[in-house]
Amino acid sequence: MTHLAFDFGTSHIGIAVAEYRWGIAAGIATISAKRGIPDWKALEDIMKKWQPEGLIVGLPLNMDDSESDMSNAARLFGKRLRERYQTNVEFIDERLSTFEARHRGAKRGSDHELAAQIIAETWLNSGD
């Protein structure tokens, strides 16, 4: 049961694969975006290659659990994914995923793919 996880950003979107059966996650790509709109061609190629059964979008919540403008943008991105690919989209709390990616050694600006992997790992560990 393969899923793709997304670390949404307005300029870059990190993508990871989550394999539920084996409980593993791995970052696979970072694609560009313009004001939150992804490079659909690049995403289409990834979707064709992996043929996921579902999609996971990291939801950037504030530390007090409230939503922000980025939360709304991530929800809109998830809605666009659902409409475009006609597949289930789940949202998962991604607080501190970028911080964790940097803690694991990713450099600022190249941490999107690893942040997506962390989102995928969180989803796998949630038991959903």
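**Salt bridges in the predicted model**

There are 4 salt bridges in this structure, which is a predicted model.

**Exercise 1.** Determine which residue pairs with Asp 45 in a salt bridge, and where the two residues lie.

*Solution.* 
- Step 1. The partner of Asp 45 is Lys 41, with 2.8 Å between the closest N and O atoms. This distance meets the cut-off, because a salt bridge requires the nitrogen to be within 4 Å of the carboxyl oxygen.
- Step 2. Both residues belong to helix H1 (residues 40-50); because they are 4 residues apart, about one helical turn separates them.
- Step 3. Asp 45 has a relative accessible area of 38% and is partly exposed, whereas Lys 41, at 56%, counts as exposed. The assignments differ because the exposed class begins over 50%.

**Exercise 2.** State how far apart N and O are in the salt bridge between Arg 75 and Glu 67, and classify the accessibility of Arg 75 and of Glu 67.

*Solution.* 
- Step 1. The N to O distance between these side chains is 2.7 Å.
- Step 2. Arg 75 has a relative accessible area of 33%, hence partly exposed.
- Step 3. Glu 67 is likewise partly exposed, at 37%.

**Exercise 3.** Describe the salt bridge between Glu 83 and Lys 79.

*Solution.* 
- Step 1. The side chains meet with an N to O distance of 3.8 Å, which lies within the 4 Å cut-off.
- Step 2. Helix H2 (residues 69-85) contains both residues, 4 residues apart, or about one turn.
- Step 3. Glu 83 is partly exposed at 48% relative accessible area, and Lys 79 is partly exposed at 42%.

Notes. Residues are numbered from 1 along each chain as its sequence is written. This is a predicted model: local features need pLDDT of at least 70, side-chain atom pairs count only at pLDDT 80 or more; totals for chains, interfaces and linings use all residues. Side-chain values use heavy atoms; hydrogens and water are left out. Buried means under 20% relative accessible area, exposed over 50%, partly exposed in between (1.4 Å probe, protein chains only).
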